[in-house]
Amino acid sequence: MFRRAAGGPVTGADVAPGFATRVDRDLVTVVGPDAASFLQSLLSQDVEGLADGERRAAMLLTPQGKVQVLLGVRRDGSEAVLDTDAGW
(Lines give C-alpha, C1' and ligand atoms only; values in the text may rest on other atoms or scores of the structure.)
Protein backbone atom coordinates (compact mmCIF):
# COMPACT_ATOMS: atom_id res chain seq x y z
CA MET A 1 0.00 0.00 0.00
CA PHE A 2 1.31 3.43 -0.91
CA ARG A 3 1.06 6.29 1.55
CA ARG A 4 2.53 9.71 0.95
CA ALA A 5 2.38 12.99 2.78
CA ALA A 6 1.00 15.80 0.65
CA GLY A 7 3.75 17.04 -1.62
CA GLY A 8 6.32 14.64 -0.20
CA PRO A 9 8.27 12.07 -2.19
CA VAL A 10 7.42 8.39 -2.13
CA THR A 11 10.04 6.52 -0.10
CA GLY A 12 10.69 2.89 0.74
CA ALA A 13 8.84 3.41 4.04
CA ASP A 14 5.70 4.35 2.06
CA VAL A 15 5.53 1.10 0.10
CA ALA A 16 4.36 -2.31 1.31
CA PRO A 17 6.88 -5.17 1.13
CA GLY A 18 7.08 -6.68 -2.35
CA PHE A 19 6.36 -3.43 -4.20
CA ALA A 20 9.07 -1.35 -5.83
CA THR A 21 9.27 2.39 -5.30
CA ARG A 22 8.80 4.41 -8.52
CA VAL A 23 9.60 8.05 -7.91
CA ASP A 24 8.92 9.02 -11.53
CA ARG A 25 5.20 8.23 -11.09
CA ASP A 26 2.34 10.07 -9.39
CA LEU A 27 -0.04 8.03 -7.23
CA VAL A 28 -3.77 8.39 -6.64
CA THR A 29 -5.54 6.21 -4.08
CA VAL A 30 -9.27 5.62 -4.50
CA VAL A 31 -10.73 4.46 -1.17
CA GLY A 32 -14.04 2.94 -0.16
CA PRO A 33 -16.30 -0.02 -0.76
CA ASP A 34 -17.35 1.37 -4.18
CA ALA A 35 -13.80 2.14 -5.40
CA ALA A 36 -13.67 -0.75 -7.89
CA SER A 37 -17.14 -0.15 -9.33
CA PHE A 38 -16.43 3.60 -9.60
CA LEU A 39 -13.19 2.98 -11.52
CA GLN A 40 -14.85 0.24 -13.60
CA SER A 41 -16.82 2.93 -15.45
CA LEU A 42 -13.79 5.19 -16.01
CA LEU A 43 -10.94 2.83 -16.96
CA SER A 44 -10.35 0.48 -19.87
CA GLN A 45 -9.33 -2.34 -17.51
CA ASP A 46 -11.64 -4.74 -15.67
CA VAL A 47 -10.93 -3.30 -12.20
CA GLU A 48 -13.52 -5.47 -10.45
CA GLY A 49 -11.76 -8.55 -11.84
CA LEU A 50 -8.36 -7.65 -10.36
CA ALA A 51 -7.13 -9.91 -7.58
CA ASP A 52 -5.97 -8.28 -4.36
CA GLY A 53 -2.43 -6.95 -4.97
CA GLU A 54 -2.62 -7.44 -8.74
CA ARG A 55 -1.54 -4.56 -11.02
CA ARG A 56 -2.52 -4.05 -14.66
CA ALA A 57 -1.99 -1.36 -17.27
CA ALA A 58 -5.10 0.68 -18.08
CA MET A 59 -6.31 3.84 -19.79
CA LEU A 60 -8.45 6.62 -18.32
CA LEU A 61 -11.17 7.30 -20.90
CA THR A 62 -13.50 10.19 -21.69
CA PRO A 63 -17.25 9.44 -21.93
CA GLN A 64 -16.68 9.22 -25.70
CA GLY A 65 -13.99 6.55 -25.20
CA LYS A 66 -10.99 8.75 -26.00
CA VAL A 67 -7.80 8.10 -24.06
CA GLN A 68 -6.99 10.75 -21.43
CA VAL A 69 -3.97 9.09 -19.79
CA LEU A 70 -2.15 5.78 -19.60
CA LEU A 71 -1.82 4.43 -16.06
CA GLY A 72 -1.43 1.38 -13.89
CA VAL A 73 -4.13 0.21 -11.51
CA ARG A 74 -3.65 -2.07 -8.48
CA ARG A 75 -6.26 -3.40 -6.06
CA ASP A 76 -5.50 -3.45 -2.37
CA GLY A 77 -8.60 -4.64 -0.54
CA SER A 78 -11.25 -1.92 -0.80
CA GLU A 79 -8.68 0.53 -2.20
CA ALA A 80 -7.32 0.98 -5.70
CA VAL A 81 -4.00 2.68 -6.39
CA LEU A 82 -3.52 4.38 -9.75
CA ASP A 83 0.00 5.26 -10.92
CA THR A 84 0.59 7.69 -13.80
CA ASP A 85 3.46 9.57 -15.37
CA ALA A 86 4.48 12.46 -13.14
CA GLY A 87 2.34 15.55 -13.70
CA TRP A 88 -0.98 13.89 -14.58
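**Fold, sheet and core of the predicted model**

The protein exposes about 5,300 Å², of which carbon and sulfur atoms supply 56%. The model is predicted. Of the 88 residues in the protein, 33% are buried. Among contacts with a separation of 6 or more, 41% are formed by residues 24 or more positions apart.

The secondary structure consists of one helix and four strands. Read from the N terminus, the elements follow the order β-α-β-β-β. The four strands form an open sheet, in which the order is E1-E4-E3-E2 and the pairing is antiparallel. Strand E1 (25-31) and strand E2 (55-61) are the edge strands, each pairing on one side only. On average, neighbouring strands of this sheet are turned by 30 degrees against each other, direction ignored. In general, strands of a sheet pair through backbone hydrogen bonds, in either a parallel or an antiparallel sense. The antiparallel pairing of E1 with E4 extends over seven bridges. Within this pairing, Val30 has Ala80 in E4 as its bridge partner.

The largest nonpolar core contains 13 residues. Those with the most contacts inside this core are Leu39, Leu43, Val47, Leu71, Val73 and Leu82. At least two residues of the core come from each of helix H1 (35-40), E3 and strand E4 (79-85).

Not counting residues up to four places away in sequence, Gln68 touches Leu60, Leu61, Thr62 and Trp88. Gln68 and Trp88 are 20 residues apart along the chain, and their C-alpha atoms are separated by 9.6 Å. The contact between Gln68 and Trp88 rests on heavy atoms within 4.5 Å.

Definitions and conventions: Residues are numbered from 1 along each chain as its sequence is written. This is a predicted model: local features need pLDDT of at least 70, side-chain atom pairs count only at pLDDT 80 or more; totals for chains, interfaces and linings use all residues. Side-chain values use heavy atoms; hydrogens and water are left out. Buried means under 20% relative accessible area, exposed over 50%, partly exposed in between (1.4 Å probe, protein chains only). Accessible areas come from the Shrake-Rupley method with a 1.4 Å probe; for residues, only the protein chains shown count as cover. A nonpolar core is a set of buried Ala, Val, Leu, Ile, Met, Phe, Trp, Tyr and Cys residues joined through side-chain atoms within 4.5 Å. Two strands pair if DSSP finds at least two bridges between them. Axes are lines fitted to C-alpha atoms, for helices over the stretch in contact, and angles run from 0 to 180 degrees between N-to-C directions.
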